[in-house]
Amino acid sequence: MKLPSQPPFARTKSGALRRVGVEIEFGALPLQEAAHIVQRLFGGKICEAERFYWQVEETKYGTFSLELDSQYAHGEGKLLADEEAQEGLEPLLGKLQKNAREVIGEVSKAVVPNEITCPPIPFTALGEIDELTGALAAAGAQGTKGSPFYAFGLQLNPEVAEESASYILAHLRAFCLLRDWLRAEIDVDRLRQFLPFADPFEPEYVRHILDPHYAPELDRLIDDYLEANPTRNRELDLLPLFTHLDEARVKRKVGDALIKARPTFHYRLPDSRLGQHPAPVTREWQRWLAVEHLAADGESLTRLAAAYLAESPSPERWAEAGTAWIKELAAT
């Protein structure tokens, strides 16, 4: 099936080429080896910040971060209360914290992924991240299918072309209308479907945003989203974008320190398929672009939303509707 290769809006309002951040989860390859692969491909210098947290700084695109994807395996995971650290025992407690983190990190390596967080790069350069996934796989890194216990993801953070409520809502609607097609197309790993890291939106919320009379201002769009989705664990996570737009409003509702403000959509659905496809990042980017093209096609978006609301279709039935629309898109 032919998928889009270019976004409908290639540049931001400022005229800059849009960028995409990529997060790659993998197992079976030490972080240090992965850091050397990043350096070989992108230049820069390697810095071991902690045992389970490395950076490759000053590369051609900026800083790549590599870590065991567990907040308790490095310094952000506070294992002891602040009050205890203020009782004159800081050196001992600090050592205990460090030792505990290392133990947790060693135990976690069997099931918790390593993760490379790439700096935002122009979408036209995503093929270079495909080269990185290929080099990781050649060195022994394993993706989702490497073990029955690997629920690893490949996450995309496409920079938004604009920050208006209508633009964001159109993409949210388009995603909800294509999510069953996306899940079928990706063939999302069963363990990842069972775990909560990329949960779907609740049907009530989907119907709410697809209502043709729903035309909120940005404040209401954010409030409605937070009321229905006070969590990062959504297949399309808008908390980074909404935090970028109104941090105080988000923090009043969601007290998650891991939320980072970014002017991007946070697309969490794809599996990490290292070694199974020559261009896994580009492939997932092209699938995502189907969402952007539907969001930009007001007539099709209205028509599909009306059909969804009238029919309340099953995921299988609606995956077929998504496939039909993708074929329409390919024919244009």
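Student: Let's start with the strands. How many bridges join β1 to β5?
Tutor: Four bridges join β1 to strand β5 (residues 114-117), and the two run antiparallel. Strands here are DSSP runs of E with at least two residues, helices are runs of H or I with at least four, and both are numbered from the N terminus. Two strands count as paired if DSSP finds at least two bridges between them.

Student: Is this an experimental or a predicted model?
Tutor: It's a predicted model: local features need pLDDT of at least 70, side-chain atom pairs count only at pLDDT 80 or more, and totals for chains, interfaces and linings use all residues. Residues are numbered from 1 along each chain as its sequence is written, and side-chain values use heavy atoms, with hydrogens and water left out.

Student: OK, back to β5. Which residue stands opposite Asn114?
Tutor: That's Phe26. β5 also pairs with strand β4 (residues 64-68), in the antiparallel sense over four bridges. There, Ser65 stands opposite Thr117 of β5.

Student: And what about β1 and β7, how many bridges there?
Tutor: Five, again antiparallel, between β1 (residues 19-26) and β7. One partner pair is Glu23 with Gln155 in β7.

Student: Is β7 mostly covered or uncovered?
Tutor: Mostly covered: β7 (residues 154-158) has five of its five residues buried. Buried means under 20% relative accessible area, exposed means over 50%, and partly exposed is in between, using a 1.4 Å probe and protein chains only.

Student: Which way do the β7 residues point?
Tutor: Leu154, Leu156 and Pro158 point one way, while Gln155 and Asn157 point the other way. In a regular strand, side chains alternate between the two faces of the sheet.

Student: Switching to helices. At what angle do α6 and α11 pack?
Tutor: α6 (residues 203-210) and α11 (residues 298-311) pack at about 135°, with axes 10 Å apart. Axes are lines fitted to C-alpha atoms, for helices over the stretch in contact, and angles run from 0 to 180 degrees between N-to-C directions. That makes α6 oblique to α11; under 35 degrees is roughly parallel, over 145 roughly antiparallel, 65 to 115 roughly perpendicular, and the rest oblique.

Student: Which residues meet there?
Tutor: Val206, Arg207 and Leu210 in α6 meet Ala305, Tyr308 and Leu309 in α11, where contact means heavy atoms within 4.5 Å.

Student: And how many helices and strands in the chain?
Tutor: Twelve helices and nine strands. Of the chain's 332 residues, 48% count as buried.
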